[in-house]
2 protein chains.
Amino acid sequence: MTCMVCELTVIFSVSAGMGTRLLHRTIRKNYFLRHPLPKPTQKQCMLHRTFPKPISNLSCEALVYRRHGAFSDVLHLEEVPLFYNGREDIYIRMLAAPVNPADINMLHGNYGITPCFPAIGGNEGVGEVIKVGCNVNSVKPGDWVIPTDSGFGTWTTHAVCQAHQVTSIPNNISLISAATVSVNPCTAYRMLMDFVTLNPGDTVIQNGANSTVGQAVIQICSSMGINTINVIRDRPNVNALIEKLRSLGATYVITEETLQKQEMADIFKVVERPKLALNCVGGRSAGDLFTHLMDGSTMVTYGGMSRKPTPVPAKAVIFRNIKLYGFWMTQWKKDNLHDVAKIKGMLSDLIEMVRKGHLLEPACTQIPFKEYETAFHDSLNPCGSKNILIME
Amino acid sequence: MTCMVCELTVIFSVSAGMGTRLLHRTIRKNYFLRHPLPKPTQKQCMLHRTFPKPISNLSCEALVYRRHGAFSDVLHLEEVPLFYNGREDIYIRMLAAPVNPADINMLHGNYGITPCFPAIGGNEGVGEVIKVGCNVNSVKPGDWVIPTDSGFGTWTTHAVCQAHQVTSIPNNISLISAATVSVNPCTAYRMLMDFVTLNPGDTVIQNGANSTVGQAVIQICSSMGINTINVIRDRPNVNALIEKLRSLGATYVITEETLQKQEMADIFKVVERPKLALNCVGGRSAGDLFTHLMDGSTMVTYGGMSRKPTPVPAKAVIFRNIKLYGFWMTQWKKDNLHDVAKIKGMLSDLIEMVRKGHLLEPACTQIPFKEYETAFHDSLNPCGSKNILIME
């Protein structure tokens, strides 16, 4: 048969579960893969949500790219066929999907995973289940679902996928919260949970504190009674940003320059030195953190906005036993794809915080899906807010 | 009573074990402490090996310093009294003690531990037990012993200490091997054992490979069937050094410049990429290693000879999951002081390698103790060999 998306003639016989994995191993090149490959850090492709012998033919409108490049050159709104077999798969109407920096990096081919082409863009979003196959019992029509793994291709009006590829979430939170819960808040949550044991009264320091992850860190820490020292770049109207972050629960908000000043000693008269540093900037901004960390502490790097390496002093790691790790939510998802309880537990905790008003939806601009070009133009503005494509 | 070393009048009542520790907590300032303090990274002092009510008065000649500075300004050969109570303590004749870079840094006050003054220099060495107190059964006269912990003060002709402060080793290895086994070979051993699981056929990469630790790494890896890629600085007669390291069992010896060349790809056609990097240099030399490491690998820093921080790229830690740790043998000893089996097991493994000829004694110059000034002058020469003070 001819694959309608890959535009390649392929012959296969596939059933759900193991069959899909077998297919990927044998004729991987023709497909968008989503399963973890044997080496987890190997570049991965997205699963082509196409199945043989469709019971009903459907289609969607999706933002498709066939090569890496600037969105204006490579991204096009296209009609893409969908095949719903009525057995193991789920037919979804997408509701909203953000344009995250990682999506843009992936478009540019500058990310840890790359799709096989042609690819549908977008890794995050929320959809409503329309129909489920007769063998599906994990979700039902009307449920809200989010992609379980990265590389789903969320910039689309509709999607067909298998049950394990989505996780249902309650639909009594805002659409924006639902559409943005699975990348940035999950990144913040995991970094706070998985590297050191944090107790009320402990301190976390982070740079790039006004990033969406940074804001989630502030709020999650605040709800746990953990102090945060939040480092931001100096800028016009810095006081407004300081005020905003403090309103989210930040204990201290300081500029990068303050890291080298006496004020830091005053802070540590009030709160403990940090046992965890979260770094999304690199360069000197990260290097200056070492001075202030508790001996035996941990730095987790999850971004490199300055595009400069973090200068790690030998004394910090040797005599002060500071440990350095990286964190990448995409990899975490690959590593925990089959630990449904762990994924659901994390989402449940975060959604509970959303419900209680402890984790606010990020400031964002909602843009109708058809006007996607506006969203992408806006995303080039480093000071712009997050853009969310709304499919409704 | 008056402490003959501290030259301070102190009043105390002390018995072995807990008493000693109590003493340190209460009048710490007057004493050389050797016990771990509550926070393991806190700067620590050496135990003053002085006890009240001596049964017999002894003395030694020791290299004493009363403030930090260059050895020529601060280090003096002095007669120091020793008190042997004939119950819990051990009277030792020192045989040999090296002048290690860490000793020099400690003299300069540029190390992770500092002594309380006046201090006897030297952290490593071997001695012969002359007499033991009636309550000591872990060692006997004639045994060779090495300090269990750092900060022993080995630059002395004799010493009196408690049983837990020394570990006995077989005396059928060379004096030089015995005097130098407890710092550099132990550092190499622990870094190879404690951070990743290495199997025959795996690869370790290290810079500063001609350091004494580096040479121990080469030999231990060689005896375990582990490949080593050994990075050295270019220098006159580099080929002679390459040949020397290869004769120790190095799989590859390359200069720092080679790290950026095509030759590296050729190496990885033959051996696996490294799952462990050992870094004692920092700066670009360390930064260039990241390119060649296996995804998920570990870098352990145990020195910073370039005095430059290691530039850690965000992508290496985020997308390639490379982890960074430090290692400091002094801290390991503090942390494992009471795990006698672990310490003895490590020494037993290393001494077995020495016996089999798999771990050679380091190239060194033996200098009579009284001519210590020559040893210290030599130690200023960065290309000079290791100097060992011989007390016999």
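Let's start at one residue. A:Thr301 sits in strand β13 of chain A, which covers residues 298-301.

A word on the ground rules. This is a predicted model, where local features need pLDDT of at least 70 and side-chain atom pairs count only at pLDDT 80 or more, while totals for chains, interfaces and linings use all residues. Residues are numbered from 1 along each chain as its sequence is written, chains are lettered from A and ligands numbered from 1 in the order in which they are written, and side-chain values use heavy atoms, with hydrogens and water left out.

Back to A:Thr301. Is A:Thr301 buried or exposed? Buried, because its relative accessible area is 5%. The cut-offs: buried is under 20% relative accessible area, exposed is over 50%, and partly exposed is in between, with a 1.4 Å probe and protein chains only. The side chain of A:Thr301 makes a polar contact with the side chain of A:Asn279, at 2.9 Å. A polar contact is a pair of N or O atoms within 3.5 Å; within protein, one must be able to donate a hydrogen and the other to accept it, and residues adjacent in sequence count only if both atoms are side-chain atoms.

What else does A:Thr301 touch, leaving out residues up to four places away in sequence? Its contacts include A:Tyr325, A:Gly326 and A:Phe327, and from chain B, B:Ala314, B:Val317 and B:Ile318. Contact means heavy atoms within 4.5 Å.

That takes us to the interface. Chain A puts in 26 residues and chain B 26 residues. Between them, chain A and chain B bury about 2100 Å², 67% of it on carbon and sulfur atoms. On the chain A side, β14 (310-312), α10 (314-318) and β15 (323-326) each supply at least two of the residues that touch chain B. Buried area is the accessible area, with a 1.4 Å probe, that two parts lose on being put together, summed over both. How many residue pairs are in polar contact between chain A and chain B? The count is 6, with both residues at pLDDT 80 or more. Salt bridges across this interface number 0 by the rule. That rule asks for a side-chain nitrogen of Lys or Arg within 4 Å of a carboxyl oxygen of Asp or Glu.

Over all chains, though, the whole structure has 24 salt bridges.

One: A:Lys334 and A:Asp149 meet through their side chains, at 2.8 Å, N to O. A:Lys334 is in helix α11 (residues 329-335) of chain A, and A:Asp149 is in the loop between β6 (144-147) and β7 (158-162), so the pair ties together parts 185 residues apart in sequence. A:Lys334 counts as buried at 8% relative accessibility. A:Asp149 is also buried, at 2%.

Two: A:Asp194 forms a salt bridge with A:Arg190, with the closest N and O atoms 2.7 Å apart. Both are in helix α5 (residues 184-194) of chain A; they are 4 residues apart, so about one helical turn separates them. A:Arg190 is buried at 6% relative accessibility, whereas A:Asp194 is partly exposed at 36%.

B:Arg320 is in the loop between α10 (314-318) and β15 (323-326), and B:Asp295 is in the loop between α9 (283-287) and β13, so parts 25 residues apart in sequence are tied together. B:Asp295 is partly exposed, at 32% relative accessibility.

Now a strand in chain B. Strand β12 (residues 276-279) is covered on both faces: B:Leu276 and B:Leu278 are buried on one side, B:Ala277 and B:Asn279 on the other. β12(B) pairs in the parallel sense with β9 (residues 203-206) of chain B, over 3 bridges. There, B:Ile205 stands opposite B:Ala277. β12(B) also runs parallel to β13 (residues 298-301) of chain B, joined by 4 bridges. B:Leu278 has B:Val300 as its bridge partner in β13(B). Strands pair if DSSP finds at least two bridges between them.

Last, the overall picture of chain A. Chain A has 13 helices and 17 strands. Of its 392 residues, 58% count as buried.
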